[in-house]
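These are my notebook entries on a structure that I have not examined before. I record what I looked up, entry by entry.

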Amino acid sequence: MNFLRTASSLALRPSGHILTRRAALPATAFAVRHLSDSTKKTIEDAIAQNKLVVFMKGTPDAPQCGFSRAVMQILTVQGVDMQNSLKSFNILADEELRSGIKEYSSWPTIPQVYVNGEFVGGCDIMLSMHQSGELEKLLLKEGLVEPEIEENPRA
């Protein structure tokens, strides 16, 4: 019981400092960098060389989370050629990429979608853009989908 009291008293104080037996340090003194130079280059190269990039859990054919699945379904409904227009990265296969992409974009969640070098957002933003029609406009503008042709044009 004494150990628990001691451990809890050494944790966080209301002042925002972490106390140790040696010294009190500001809580912000512990910044962890996850983005190595090689991972940053991989991300930058992928985004620069591909019009549509998705960092996701799993693969487009086998998403490993509901949010990644939703983004793939949205892109499919929009008419994106998943074989030729999409470059995807399975962040579950690379822990450094998983944490690095979050630091790179300053966005805490996966999936992350980039169109023509610009970060678009995650599942929530993609869904909102899909519902409002903004996503279709963006994909058309960037040449990632073909415009729909009316079957029975009015004369």
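**Entry 1: helices H3 and H5**

At roughly what angle do the axes of helix H3 and helix H5 cross, and within what distance do they come? The model I consulted is a predicted one. I found that the axes of H3 (residues 66–78) and H5 (residues 123–132) cross at roughly 25° and come within 9 Å. I noted the crossing of H3 and H5 as left-handed.

I then listed the residues that meet there. From H3 they are Phe 67, Ala 70, Val 71, Ile 74, Leu 75, Val 77 and Gln 78, and from H5 they are Cys 123, Met 126, Leu 127 and His 130. Sorted by class, the contact of H3 with H5 has nine nonpolar residues, two polar ones and no charged ones.

**Entry 2: helices H5 and H6**

I turned next to H5 and H6, whose axes lie 4 Å apart and which pack at an angle of about 90°. An angle from 65 to 115 degrees counts as roughly perpendicular, so H5 is roughly perpendicular to H6. Here Met 126, Met 129, His 130 and Ser 132 of H5 meet Glu 134, Leu 135 and Leu 138 of H6. The contact of H5 with H6 divides into four nonpolar residues, two polar and one charged.

**Entry 3: the chain overall**

I checked how the protein chain is built and counted six helices and six strands. Along the sequence, the pattern reads α-β-β-α-β-α-β-α-β-β-α-α. The protein chain has 155 residues, and 30% of them count as buried. Among contacts with a separation of 6 or more, residues 24 or more positions apart account for 57%.

**Entry 4: the nonpolar cores**

Which residues have the most contacts inside the largest nonpolar core? I found Leu 52, Val 54, Val 71, Met 72, Leu 75 and Met 126, in a core of 21 residues. Strand E3 (52–56), H3, strand E5 (112–115), H5 and helix H6 (134–141) each give two or more residues to this core. H3 gives the most, with four residues.

I followed Val 54 further. Beyond four places in sequence, Val 54 touches residues including Val 71, Met 72 and Leu 75, and also Leu 86, Phe 89 and Val 113. A second, separate core has 12 residues, Leu 35, Ile 47, Phe 89 and Tyr 114 among them.

**Entry 5: Met 56**

Leaving aside neighbours within four places in sequence, the contacts of Met 56 include Pro 63, Ser 68, Met 72, Phe 89, Ile 91 and Ile 110.

**Entry 6: Ile 47**

My last entry concerns Ile 47, which has its place in helix H2 (residues 37–49). Ile 47 counts as buried because its relative accessibility is 6%. Apart from neighbours within four places in sequence, Ile 47 is in contact with Val 53, Tyr 104, Tyr 114 and Gly 117. I also noted that Ile 47 and Lys 87, 40 residues apart in sequence, are 9.0 Å apart in space, C-alpha to C-alpha.

How values were computed
Residues are numbered from 1 along each chain as its sequence is written. This is a predicted model: local features need pLDDT of at least 70, side-chain atom pairs count only at pLDDT 80 or more; totals for chains, interfaces and linings use all residues. Side-chain values use heavy atoms; hydrogens and water are left out. Axes are lines fitted to C-alpha atoms, for helices over the stretch in contact, and angles run from 0 to 180 degrees between N-to-C directions. A crossing is left-handed if the near helix is turned anticlockwise from the far one by less than a right angle, and right-handed if clockwise. Contact means heavy atoms within 4.5 Å. Ala, Val, Leu, Ile, Met, Phe, Trp, Tyr, Cys and Pro count as nonpolar, Asp, Glu, Lys and Arg as charged, and the others, Gly among them, as polar. Buried means under 20% relative accessible area, exposed over 50%, partly exposed in between (1.4 Å probe, protein chains only). A nonpolar core is a set of buried Ala, Val, Leu, Ile, Met, Phe, Trp, Tyr and Cys residues joined through side-chain atoms within 4.5 Å. Angles under 35 degrees count as roughly parallel, over 145 as roughly antiparallel, 65 to 115 as roughly perpendicular and the rest as oblique.
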